[in-house]
Amino acid sequence: MAAWNVHQPPRTDGTTVLVTGGNAGIGYFVAEQLAAAGATVVIGSRSPAKASAAVQAITARIPGAQVQYVPLDLADLDSLEASVGRMDTDALDAVVLNAGIALDGPQRATNDRGHELMLATNHLGHFALVHRLAPLLQAAPAARIVTMGSFAARSERLDLEDLHSVHEYDPKRTYGRSKLAQMMFAFALDRRLRAAGDTCMSVIAHPGGALDALTPPRPGVHRHSGHRHLLARPAKLLVQGKDAGAWPAVRAVLDPDVRGGQLWGPSRFGLSGRPHLEHPHAHMTDEASAEALWTASAELTGADPFVTGRATGSRQDA
Ligand SMILES: NC(=O)c1ccc[n+]([C@@H]2O[C@H](COP(=O)([O-])OP(=O)(O)OC[C@H]3O[C@@H](n4cnc5c(N)ncnc54)[C@H](OP(=O)(O)O)[C@@H]3O)[C@@H](O)[C@H]2O)c1
């Protein structure tokens, strides 16, 4: 595999990439780095004000950057069709499924459908979004669906009988399970795409440990607190900023040598450093559990991203 320069990835002029949660954190830096490489970047965000600040920050840093915004609330399944309908493109070369929440309070939260909120946002929202995006992705010559996983998924196992964590709610465990669900879906999606001979591929990336306090400032998007930065300096031995946390996903979008079904993460103990290829844990690629999760996700969302390899999103259905 050719050497990879995180500061100078290959140009990707003429392509269009959607980044969910591109208004903040790792997603912002994915958007910034892809825009710097020449992509037209569409920031999917539930906040017009934050999205506008992100667009401004990117265009101020990168002369000529092409950055757009679509309203996107992954926790609101009924809104996704309209969000995709507002995308000003006929084809989508990649989507980075980055947006996510990690709740830490003791109280379990749900969306308007009664779905546990971390599962709803991190997994079910992205599952349904891929369904809606399928026609745009299939209109590109070889689109990539890049899922942002987490090391939190390593130690968790799905409870298919209790996907919504109704019993003994523990926010850390529920977050880890929602990230595992995303990763299992992404591996399963790639298996289905390849079985169907589809040119679209699904790749998994994870950022390692990425702290705001180690992240460089971006006006209007991320403020630099000197105090917090100083306190966090010792952590730099193990973890990194969100700018570096973006590198594996950016490589998963841009590296011509990346293949579907691969897992990319930071090279130093999977926590920091340059992106490298990882070997997924067996439970992440377990086919029987992934199929059961897929069936449950399709029932819960009323969506099914690819059936026998054919896009079933709204535009093609219409
Ligand atoms: N940071 C880490 O160390 C770490 C480690 C492993 C994995 N990850 C994963 O990396 C991804 C990004 O994490 P981060 O640290 O950058 O988090 P972050 O700074 O909290 O940013 C999360 C992004 O997701 C958006 N978002 C949340 N709920 C949404 C919804 N319902 N609809 C649309 N967008 C929504 C947020 O929008 P708002 O600004 O409107 O809230 C924000 O743009 C997540 O998937 C996370 O699980 C992070």
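Guide: First, a definition: a residue is buried under 20% relative accessible area, exposed over 50%, and partly exposed in between, using a 1.4 Å probe and protein chains only.

Visitor: Got it. Where does His-167 fall, buried or exposed?
Guide: His-167 counts as exposed, because its relative accessibility is 57%.

Visitor: What kind of model is this?
Guide: It is a predicted model: local features need pLDDT of at least 70, side-chain atom pairs count only at pLDDT 80 or more, and totals for chains, interfaces and linings use all residues. Residues are numbered from 1 along each chain as its sequence is written, and side-chain values use heavy atoms, leaving out hydrogens and water.

Visitor: How many helices and strands are there?
Guide: The protein chain has ten helices and twelve strands. The radius of gyration is 18 Å, close to the 20 Å that the globule rule gives for 318 residues, so the chain is as compact as a globular protein of that length.

Visitor: Which rules sit behind those terms?
Guide: Helices (H or I, at least four residues) and strands (E, at least two) are DSSP runs, numbered from the N terminus. The radius of gyration is taken over C-alpha atoms, and the globule rule is 2.2 Å times the number of residues to the power 0.38.

Visitor: What box do the C-alpha atoms fill?
Guide: Along the principal axes, the box is roughly 45 × 45 × 40 Å. Of the 318 residues, 58% are buried.

Visitor: What else does Arg-173 touch?
Guide: Beyond neighbours within four places in sequence, Arg-173 contacts Glu-156, His-167 and Glu-168. Arg-173 is in helix 5, residues 171-195. Arg-173 counts as partly exposed because its relative accessibility is 25%.

Visitor: How far is Arg-173 from Gly-220?
Guide: Their C-alpha atoms are 33 Å apart, and the two residues are 47 apart along the chain.

Visitor: What lies 2.9 Å from its side chain?
Guide: The backbone nitrogen of Ala-152 is 2.9 Å from a polar atom of the Ser-150 side chain. A polar contact is a pair of N or O atoms within 3.5 Å; within protein, one must be able to donate a hydrogen and the other to accept it, and residues adjacent in sequence count only if both atoms are side-chain atoms.

Visitor: What is the phi of Ser-165?
Guide: Near 50°, a positive value in a residue other than glycine. Most residues other than glycine have a negative phi. Ser-165 is in the loop between strand 5 and helix 5, and Ser-165 counts as buried at 5% relative accessibility.

Visitor: And Phe-269, buried or exposed?
Guide: Phe-269 counts as exposed, at 72% relative accessibility. Its phi is near 55°, also positive. Phe-269 sits in the loop between strand 9 (263-268) and strand 10 (272-278).

Visitor: New topic. Where is Asn-98?
Guide: Asn-98 is in the loop between strand 4 (94-97) and helix 4 (117-138). Asn-98 is buried, at 10% relative accessible area. A polar atom of its side chain lies 3.3 Å from the backbone oxygen of Gly-21. Beyond residues up to four places away, Asn-98 touches residues including Val-19, Ile-26 and His-126.

Methods:
Contact means heavy atoms within 4.5 Å.
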